[in-house]
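I set out to record what I looked up in this model, entry by entry.

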Amino acid sequence: MLNSVVVVGKLSIRKNDQVQVIAGREKGKVGKVLSVDHVKGRVVVEKTNMMKKHVKPNQKNPQGGVIEKEIPLHYSNVLLYCTKCSKGVRHGSKMTEKAAKGKKGAEKKATKVRVCKKCDSSLEATA
Ligand SMILES: [Zn+2]
């Protein structure tokens, strides 16, 4: 079938987010998101869903051996990790008013932040 690619749209999970895997063989693992594929709806989580690949010796790798690589997970299998709740949580979003840096000083800019539905704390990566 042509045009069968489903665009998920803007995923609510972003690079550098802390997530917990909630399904599959890596269930319960917590890791950092290394990359997000918005088209396929997949995320790569650091040190999660590793696949061992045997490599024959070649010019780049004269010894050959085993390479470990993360396999992307479907985004529905991960949840944003809340450090306060110590687990993966559902999240909502909230608008916060943040004073924008400007010469006029008083200007305020509304920012959307993702918050934990349980404890209401921000889930935005602070890095
Ligand atoms: Zn929480």
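**Entry 1: a threonine in a loop**

I began with threonine 48, which is buried at a relative accessible area of 1%; buried means under 20% relative accessible area, exposed over 50%, and partly exposed in between, with a 1.4 Å probe and protein chains only. The model is predicted: local features need pLDDT of at least 70, side-chain atom pairs count only at pLDDT 80 or more, and totals for chains, interfaces and linings use all residues. Residues are numbered from 1 along each chain as its sequence is written, and side-chain values use heavy atoms, with hydrogens and water left out.

I located threonine 48 in the loop between β3 (42-45) and β4 (50-55); strands are DSSP runs (E, at least two residues), numbered from the N terminus. Its side chain reaches the backbone oxygen of glutamate 46 at 3.0 Å. I then listed the contacts of threonine 48 (heavy atoms within 4.5 Å). Leaving aside residues up to four places away in sequence, threonine 48 touches Val21, Glu26, Lys29, Glu70, Ile71 and Leu73.

**Entry 2: the nonpolar core**

Of its 13 residues, Ile13, Val19, Val43, Val45, Leu73, Val78 and Leu123 touch the most other members. Strands β1 (18-21), β3 and β7 each supply at least two residues of this core, and the largest share, three residues, comes from β7.

For valine 45 I noted contacts with Val19, Gly31, Lys32, Val33, Glu70, Leu73 and Val78, again not counting residues up to four places away in sequence.

**Entry 3: the zinc site**

Which atoms coordinate the zinc ion? I found Cys82 (SG), Cys85 (SG), Cys116 (SG) and Cys119 (SG), at 2.2 to 2.3 Å. Donors are N, O and S atoms within 2.8 Å of the metal (3.2 Å for Na, K and Ca); water is not among the atoms, so sites may look incomplete. The donor residues are spaced C-x2-C-x30-C-x2-C in sequence. Cysteine 82, in strand β7 (residues 78-82), and cysteine 119, in the segment after β10 (108-116), link distant parts of the chain, 37 residues apart.

I recorded the arrangement as tetrahedral because the four donor atoms subtend angles of 104 to 115° around the zinc ion; four donors count as tetrahedral if all angles lie between 85 and 135 degrees.

Cysteine 82 is buried at 1% relative accessibility, and cysteine 116 is buried with a relative accessible area of 1%, whereas cysteine 119 is partly exposed at 28%.

Definitions and conventions: Four donors count as tetrahedral if all angles lie between 85 and 135 degrees; four count as square planar and six as octahedral if opposite donors are over 155 degrees apart and all others between 65 and 115; anything else is irregular. Helices (H or I, at least four residues) and strands (E, at least two) are DSSP runs, numbered from the N terminus. A polar contact is a pair of N or O atoms within 3.5 Å; within protein, one must be able to donate a hydrogen and the other to accept it, and residues adjacent in sequence count only if both atoms are side-chain atoms. A nonpolar core is a set of buried Ala, Val, Leu, Ile, Met, Phe, Trp, Tyr and Cys residues joined through side-chain atoms within 4.5 Å.
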